[in-house]
Amino acid sequence: SGGNAVTVGASLTAGEIFNEFSVHKITSEEYVYPPFPAQPESDWPVILFHVRFQRAWEPYLRSFFARAILLNCIAFGCFWIPPKFTARLGLAMT
C-alpha cells in the first residue's frame with residue numbers, strides 16, 4: 001500500500017541470529033523539577049525511563065563453564081597415569 005513497514009523477527013534484514021540481550025521491562029515516571037529563579041511561574045517536567053535488560057546465559061554456560069570443566073578433567077588425567085611413566089610429570093605441568 002506504499003507505506004513504510006517494519007517487521008518483527010524472522011526478517012531478512014533483522015541482522016542478528018542470536019540476541020545476547022532482551023528487553024525485560026520498561027517503565028516511565030514523571031518528575032517535576034522546581035522552577036528556576038529566572039522563571040518562577042513555570043515548572044520543569046521530565047519523563048524518566050527505566051529500561052531493564054536480561055542477558056542470555058546459554059552462551060556463557062557453553063563457552064566458559066563447559067570448557068573449564070573439560071580442561072580440569074583433562075588436567076586430573078595425569079593422576080590416572082601410573083607413577084612409573086615419566087610422561088606423567090610432563091602432562092601435569094602442561
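Strands here are DSSP runs of E with at least two residues, and helices are runs of H or I with at least four, numbered from the N terminus. The model is predicted, so local features need pLDDT of at least 70 and side-chain atom pairs count only at pLDDT 80 or more, while totals for chains, interfaces and linings use all residues. Residues are numbered from 1 along each chain as its sequence is written, and side-chain values use heavy atoms, leaving out hydrogens and water.

**Strand pairing**
- β1 (residues 21-33) and β2 are antiparallel partners joined over 12 bridges; pairing requires at least two DSSP bridges between the strands.
- In this pairing, P45 of β2 stands opposite V32.

**Nonpolar surface**
- F21, V23, I26, I47, F49, V51 and F53 make a nonpolar surface patch of about 740 Å².
- β1 and β2 are the elements that give two or more residues to this patch, and β2 gives the most, with 4.
- F49 lies in β2 and counts as exposed (over 50%) because its relative accessibility is 58%.
- In a regular strand, side chains alternate between the two faces of the sheet.

**Confidence**
- The protein chain has an average pLDDT (the predictor's confidence in each residue, from 0 to 100) of 78, and 76% of the residues score at least 70.
- Confidence in the chain is highest in β2, at a mean of 92, and lowest in helix α2 (residues 87-93), at 69.
- Where pLDDT is low, predicted coordinates should not be read in detail.

Definitions and conventions
Patch = residues over 30% accessible without salt bridge, like charges linked within 9 Å, V, L, I, M, F, W, Y side chains within 5 Å. Areas by Shrake-Rupley, 256 points an atom, 1.4 Å probe, with all protein chains shown as cover. Salt bridge = Lys/Arg side-chain N within 4 Å of Asp/Glu carboxyl O. Buried < 20%, exposed > 50% of the residue type's maximum accessible area, 1.4 Å probe, protein only.
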